[in-house]
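Here are a few friendly notes to read alongside the model. Please keep the viewer open as you go through them.

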Amino acid sequence: MLKRGEEMQRDLWTSLLLVWITCVQYSSMAPLNNQSQSLQTASAMIPRNRPSEGQRILSRAKRGWVWNQMFVLEEFSGPDPILVGRLHTDLDMGNKNIKYVLAGEGAGTIFAINERTGDIHAMKRLDREEKAEYTLTAQVIDRDTDKPLEPPSEFIIKVQDINDNPPQFIEGPYKGSVPEMSQVGTSVTRVTATDADDPVYGNSARLVYSILEGQPYFSIDQTTAIIRVALAGMDREMREEYLVVIQAKDMGGHMGGLSGTTTVTVTLTDINDNPPKFSKGSYEFTIPEDLGIGKPGGRVKANDRDIGENAKSAYSIIGGDERDVFEIVTDAQTQEGILRLKKPLDFESKKSYNLTVVATNIRADSITGGPYMDQATVKIIIEDADEPPVFTKSAYLFDVHENAAINTVIGAVAARDQDATHSQVRYFIDRHTDLERQFNINVDDGKITLAKPLDRETDMWHNITVTATEVRNHSQISRAIVAIKVLDINDNAPEFATEYEAFLCENGKPGQVIQTISAVDKDNPSQGHTFHYRLEMLNNPNFTIKNNLNNSISVLAKHDSFRRQKQETYLLPIVVTDDGEPPMSSTNTLTIRVCGCSRDACIILLLVIVVLFVTLRRHKNEPLIIKDDEDVRENIIRYDDEGGGEEDTEAFDIATLQNPDGINGYLPRKDIKPDLQFMPRQGQHCCLKGGGGAFFESS
């Protein structure tokens, strides 16, 4: 029945179309007939003096016809050419000499004119969408002479539209998207159809849109073609893509109109409307005790039905990790939570951990709120690993006296295997740290003993490395540093700080300081050194000593009757003793040389030298700089630290007088007292200068 109804509607529309075409044809011819009658009436009112044909053409003051537009229906296909219209002039009074001529677009091919009656016919089937109008020129000529009887006149033939083009979606098929869970009425996209028929004539190009497929999810505005959401709560996780079929129908959507269709693929875009969800509520992992820092100990995964950024989660530990042993990070590729070790594990102190892990969405959605989260429990079981023994200390400090006997126990180290097996431990000394093998260690109890005598004055510290190895597994080795300090004993006697040699003038005064003596000791008592000095001959007739109260003494002459001719050298033994337990002492000898010193000879010699230099400078232009190594010099040396009083100021440096800029190119040293810079040369003798100094004269 439905099919029969459609056929009846199609027949009805066909009948109406034929009636409409017929009416249009006769209505298009009516103005032409009326026009012909009016033209004939107008021409009857014009006086007719029959001038010559040439004069008649040039003297016409009024056109003999007025052209209206002509119309022809497109796509008409009858057995005979279709009459478009008729041309007529008031000159046509049945005169057989008048001839109608047609020129312009399509003349002779598309349009033909009856040269006698002026009827114009369309010879071909016309398509308005190909060409909507034609411009032609009509003229009346004399049949015999072919001369124009009137000027040419232009007119237009318009092709009338029929609904012969369906709507088309040029840009289709379409794609659109809308967020899931969008409200009803949310715009998705817009489609556009075009119709090649005349949009200003009739309803052939007036389109109406409708949805053929895609309801009840979407709707379309029948005039604007905007597709909107028609169903609330569409969930992408349930269905992500919809295929919508859109129809565009002309004739305002009325029966008989033509239609075209297109498809629109509508995709629901994701919003964060789903929480992450762990695949199970609890996880259990077993990891070895010796797992390295930063190494993964297990993976957990919270799945999210959303996609993209909405599916990404961050993991965190919110409970069970009081000692901050673990951390959890996100694998960017797999979106798994990776448990990693932050601190070393100790099976012996804690064998398992129970953690609470949370997965939280990174992004919150403006529509649904959030962020969403889920949590799970993770149990981590620590598996005992074979670890090396552990020393009770990382470094040991022992001390031993330098006079300790061989095999003396210096100290002991201790290490134990903390594994469940509690393997026995053996101890060894790393001989690379004890090349001279001065120490031994008991392999069972870790006692360190002395193997060779020690000398604090040679090495005060000894640093050795002790290793502890499991008996059950020799590869498990640990090390500890042992520092051994050698304690001092009083095993070195004090002695002179240097070899002293003193000079004494024959006429020196009693009580004159000859030399200051100090001592050194290789030992290092904690309270510092205290030295005691005495003369080996307690009642020495020539010399005595004085304590300076700073661990030094001064040697003094007892009289002034020393003579070089009698005795030139004295050897003075001095005993130095320390305060150690037991006290140590040594005897050191001070050598004292007697010099023959004369004050008058010294003054005369200085005067002679000064006069000699002044004389030489007068006879030579160049400065006197003595460069000969055999120069005779007068050097002054001081042997008395206390000085000789005011008489010391009478000393002269003869070398300075010879060359103020330096002797033989060498300037005097400023860091040495002037009277100590030049020592006596071979063949020179010391002489007394004043009350305690001495100078040298050449022999």
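This is a predicted model: local features need pLDDT of at least 70, side-chain atom pairs count only at pLDDT 80 or more; totals for chains, interfaces and linings use all residues.

1. Numbering starts from 1 along each chain as its sequence is written, and side-chain values use heavy atoms, with hydrogens and water left out.

2. Have a look at the open sheet of 4 strands, ordered 33-39-38-35 with mixed pairing. Strands here are DSSP runs (E, at least two residues), numbered from the N terminus, and two of them pair if DSSP finds at least two bridges between them.

3. Strand 35 pairs with strand 38 (residues 569–577) in the antiparallel sense, over 4 bridges. Within strand 38, Val 576 is the bridge partner of Tyr 533.

4. Thr 498 sits in the loop between strand 32 (495–496) and strand 33. Its relative accessibility is 45%, so Thr 498 counts as partly exposed (between 20% and 50%, with a 1.4 Å probe and protein chains only). Its C-alpha atom is 8.1 Å from that of Ala 519, 21 residues away along the chain.

5. Asn 165 belongs to the loop between strand 7 (153–160) and strand 8 (174–179). With a relative accessible area of 18%, Asn 165 is buried (under 20%). Beyond its neighbours within four places in sequence, Asn 165 has contacts (heavy atoms within 4.5 Å) that include Glu 129, Asp 250 and Leu 258.
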